[in-house]
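Please look over the sequence and the structure, then read the points grouped by topic below.

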Amino acid sequence: MTDHQAAGDANIPQQSAAPSRQPVGFIRQVELVDRVKAYDPDADEDLLNKAYVYAMKAHGGQTRASGDPYFSHPLSVAAILTSLRADPATVATALLHDVVEDTDATVEDISKLFGDEIARLVDGVTKLSQIELKSEASKQAENFRKLVMAMADDVRVLLVKLADRLHNMRTLHYIQKTEKRQRIARETMDIYAPLAGRIGVQRFREELEDISFRELSPDAHATIASRLEDLQKNTLSSVLELANVLREKLAAAGIKAQVMSREKRPYSIWRKMTQKNVSFDELADIYAFRVLVDKPEDCYAALGVIHSNWRMIPTEFDDYISAPKPNNYRSIHTAVIGPPSPDGRRQRIEIQIRTYEMHETAERGVAAHWQYKDASVGAGESTVEIVTRGQYDPYETPRRLVEMFQSGEDPDEALQYAKLELFQDQVFCFTPKGRVIALPKGATPLDFAYGVHTDVGDSCIGAKINGVQRPLRTPLNNGDVVEILRSDHAPVPAEWESIAVMGKTRSAIRRRIKKMEHEDHVALGRSIAESVFNGAHLEFSIKGVREGLKRLGKNSVEDVLIAIGKGELPVAELVEAVYPGASIEESESEIRAASLQAFRPRLAIAGLTAGAPVKMARCCTPLPGERIVGIRQNDGSIKVHTIYCETLAEEDPPQERWIDLKWRDRDEAATAFARITATVLNGVGVLSEVAGIIARYGVSIANIRIQNRSREFVDFIMDVEVKDARHIAQMLAGLRASPHVINAERTGAGDHDEV
C-alpha cells in the first residue's frame, strides 16, 4: 500500500477507459520546466521532460477518486517542490514517486533511464509505502520508523514525502468516510507537520496543521475563523496604517527594509490559546509584520527603532539570531502595543526581524541551503552532500530519531517518544564549558544530561543550575548553565520518566526501567517461590529448579522466576516439577498478595509507599497527565501537588519531604474532577452557549454556581468531570474562543480529595 493510499482513497489509482477532464491548476510540461529553470538556469531540462512524459504514460488512464487524471497527483507534488526551489533530481523524483508502486515499472527501469541517484530516491519513497502490518497503530509506527531511517540517508526523501502528504491533505475532502479522514488528519498532525517544522519548511507545517485542525475540530476551527473575519473588519485598516508608519520610521533611521504583514492561521491561534492559557483578544501575534533587512546588524538597529516608538511586551521577546533554533531558524521576535483601532482597542502586534537570507531559510528550510552553482562540487556529488559541509546540519533531527529506533525500542513506544521530541519548542542551555545544548521547552536537568550524552544521563544523580544545586525536576530556562553531578552507581527511579520531557530521555529511562522491572520480576518470583517451598517444608535451590526446566518447558532458571513473578506460572507447578508428589499447605494466592504488597504498591500513582494515606491538594487539583510531586506530611500522609503549584512554591517544603511521583496508565473510562471559573457577558442565552461548548468537548458539569453578577458580566464557578489535563485544556481553549466569554481558567477544586 502506498503512502498516498494510506493517506486516503482520494489518491487510489483507478483505470478509466475515457480521457478525464483536465483538473484545475494542471501544469503543462513546459511550465514545470520553466519553474525549475527560473531558480536553476543550469537545470537538466532533458531530465525533467523525460520524467514528465514517462510518469504521464506510466499512469496512463488511471484516475483519482476526484475524477482527475492520476498523473495530476505526482505533477502537483512536483509543483509544490518547485515552490521550495528544490533541485531537479528532487522534482524528477516527485514526478516518478508512484510509478514503481502503482505501475509495471521497476527501480531497475528507473535506474537505467534516469540514473542511480533518482532511482535511489524513488526507491526510498517507495519503500516507505510497502508496509503491511495488522493494526493501524503498528502500521503508523512502522511507517514512521522507515521514514526516519530513509530520511537519515537523504533528506530529499522526506521532502518528497511531505509534498506528497500536503497534496493528499488538500484533497482530503474527497474521502467519504469521516473516520478515515480523521485518522489521516491525526497522523498528519502527529508526524508529518512536526517533521516539516523540524527541517524548517514552515509553510508546509502551517498548511498541514490547519487542514488537519479543520478536520479534527471543525467547530473550533469555524469559531477561530469567524473571530479572524470580525477582527479583519475592525482592525485591518489600522494594521496597514501601522505598516506604513513602520516603513517611514525605519527609512528615517537610515535602515533599508522591506515590511510585510501576515495573518496567523486558525490552528496556530488555537495552539497558542491552549498553551498560554489566554483568550483570543490577549494574543499578540494574530497580525504580524516581517521586517527584512540586508545584514544581521540591521536587525538590531531595526529593533531599536521599533522599541523606541512603540511599547514592547516583555514576555513576547525572543532572539533566535544569537541563539538559532536547531533547524537553523534565525530571527528576532518582539511584540508591541499598536495604535488604537476604530473601535478604540489597541491591537497587540508581533514583529519578526530577519535578513533576506534568514527569511529564505525560514520559508524553505533545508532546501534553502542547496547550492546549484558551486565550482567545488565534484563529479557525482549530490546537492545534499554539499549542504553538510556548512554549519547547518539538516540531519540533526533525523539522527536523534534514528538513535531511538536503533536502540531496540518497540516501534510503537519509539513513535510516542518521537512525537514528544517533535512537538516541543526549544530552550538553549549551556554546559560549564560553554557548549550549547538545545532542549524541548520545559526540559529538566535530566533531559540536559541525556542531551549531552546517554552515559551522562545514565550516571546522573543531581544537577546545579547557575551554580546552585536544584532538583532534577526543575524546568530549565534559556541561558541556564547546567552542571550534572554524576556517580558510577547512580540509581534509576522509575519516577524519573515523569520528570523527563525529551523523547530521547524517556526512551533511555524506559530501557533502564524495563531492565529494573526484569530484575524485580526475578526477585519477586524468587521471593514467592521460596515462601511457598518453605511453607511446604521443602528446600528451594537453583540446582533443583534447573533440573525441573524440561518438565516446565522453560530454557533457564531466570525464565522460571520471571514467569512466577508475572503470575504466568503457578508455584505449584514448580513444586511438582522439582518434588513430584509434594503438596502445598499454605495458600499461594495469599503469599503472592503479600509479596506484591512488599514489592510494588497498586495505586493510581507510581512512586508512593504502600499503605500511606494519600490526598490530592485542593490548591491545584492534579489531573492525570500532569507532572506531579508528593509532599510527606507530619502525620505520615502524602499530599499530591502539580509541579507548578503556586501554593507549593510559597510553602517551599524541605527537599527531603519531596517524593517524585507520576500517574500510572489509566483506564480510558476513568475520570477526575477539576474546578474552573468563567467570566462571561451578561446576556440572554449566554449560559446555554457556555454549557453547549463544554458539552461539545465531552465534559460533564458536576456543579455550577454564580460568584459575582453585574449588568455587564457574570462569574461562574463550575466543578467539571474530565479525563485528564489535556481534556480540560482543550475545553478551556474552546470557551476562550467564544466572543461571549471574557476569560476561563482552571482554579482550585472541590471536595474530591482521595485517590
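T642 is found in strand β16 (residues 638-642); strands are DSSP runs of E with at least two residues, helices are runs of H or I with at least four, and both are numbered from the N terminus. The model is a predicted one, in which local features need pLDDT of at least 70, side-chain atom pairs count only at pLDDT 80 or more, and totals for chains, interfaces and linings use all residues. Residues are numbered from 1 along each chain as its sequence is written, and side-chain values use heavy atoms, with hydrogens and water left out.

- T642 is buried, with a relative accessible area of 9%; buried means under 20%, exposed over 50%, and partly exposed in between (1.4 Å probe, protein chains only).
- Leaving aside residues up to four places away in sequence, T642 touches C620, P622, E626, R627, I628, V629 and L648, where contact means heavy atoms within 4.5 Å.
- K249 belongs to helix α13 (residues 218-252) and is partly exposed, at 34% relative accessible area.
- Beyond residues up to four places away in sequence, K249 touches V305, N309 and W310.
- K249 and N309 are 60 residues apart along the chain, and their C-alpha atoms are separated by 8.4 Å.

**Helix α12**
- The 15 residues of helix α12 (residues 202-216) should span 21 Å at 1.5 Å a residue, and the end C-alpha atoms are 21 Å apart, which agrees; the expected span is 1.5 Å times one less than the number of residues.
- The buried residues of α12 include F204, L208, I211 and F213.
- R205 and E209 are both buried, and their side chains meet in a salt bridge (2.9 Å, N to O).
- Because R205 and E209 are 4 residues apart in helix α12, about one helical turn separates them.

**Salt bridges**
- The count comes to 15 salt bridges, each being a side-chain nitrogen of Lys or Arg within 4 Å of a carboxyl oxygen of Asp or Glu.
- E117 and R156 form a salt bridge through their side chains (2.8 Å, N to O).
- E117 lies in helix α8 (residues 116-129) and R156 in helix α10 (residues 155-170), so this pair ties together parts that are 39 residues apart in sequence.
- E117 is partly exposed at 30% relative accessibility, whereas R156 is buried at 1%.
- The side chains of R675 and D719 also meet in a salt bridge (2.7 Å, N to O).
- R675 lies in strand β19 (residues 672-681) and D719 in strand β21 (residues 713-722), so the pair ties together parts that are 44 residues apart in sequence.
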